[in-house]
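This briefing concerns the structure shown below.

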Amino acid sequence: MSVSVSIIVPCYNVAAYLDQCMESLAGQSMEDIEIICVNDGSSDRTAEILREWRDRDGRVRVIDRKNSGVSAARNSGMEAAAGKYIGFVDPDDVVERNMFRRCLMRPWKKMRT
């Protein structure tokens, strides 16, 4: 799979917030993305919600792992990423529709030293 951006979402017991976050990611104006959700051993409905999103949207991938913390979850997502660029979104975030398109299209200025 070749995509421009891999978006990594580390998830641990975030069922209450997850649908809003996933709606904002699935609604991105940039379709050339993959959404890698890392279920970090959740004990609530997080895993079930992630599977529902995976079944609904082919860009969503789910990695299930034993709870090891947010950094390990992000690292697992990076190992699985196929995108040229990687973005991170926390599961309690709602992102603007053009967020990733803007990140790729904006000519970044060099910092003056």
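This is a predicted model: local features need pLDDT of at least 70, side-chain atom pairs count only at pLDDT 80 or more; totals for chains, interfaces and linings use all residues.

The chain passes from strand 2 through helix 2 (residues 46-56) to strand 3, forming a right-handed β-α-β crossover.

- Ile36 has Arg61 in strand 3 as its bridge partner.

**Helix 2**

- The buried residues of helix 2 are Thr46, Ala47, Ile49, Leu50 and Trp53.
- These residues lie on the same side of helix 2, because they cover an arc of only 160 degrees around the axis.
- The cover over the buried residues of helix 2 includes strand 1 (3-11), helix 1 (15-26), strand 2 and strand 3.
- Asp55 and Arg56 are exposed, and they sit on the face of helix 2 turned away from its buried side.

**Cysteines**

- A disulfide is a covalent bond between the sulfur atoms of two cysteines.
- The structure contains zero disulfides.
- For Cys11, the closest cysteine sulfur is that of Cys37, at 5.1 Å, which is too far for a bond; the cut-off for a disulfide is a pair of cysteine sulfur atoms within 2.5 Å.
- Cys37 is likewise in no disulfide, and its nearest cysteine sulfur belongs to Cys11.
- Cys11 is buried, with a relative accessible area of 1%.
- Cys37 also counts as buried, at 0% relative accessibility.

Definitions and conventions: Residues are numbered from 1 along each chain as its sequence is written. Side-chain values use heavy atoms; hydrogens and water are left out. Two strands pair if DSSP finds at least two bridges between them. Helices (H or I, at least four residues) and strands (E, at least two) are DSSP runs, numbered from the N terminus. A crossover is right-handed if, with the strands pointing away from the viewer, the path from the first strand over the helix to the second runs clockwise. Buried means under 20% relative accessible area, exposed over 50%, partly exposed in between (1.4 Å probe, protein chains only). The arc is that of the directions from the helix axis to the C-beta atoms. Contact means heavy atoms within 4.5 Å.
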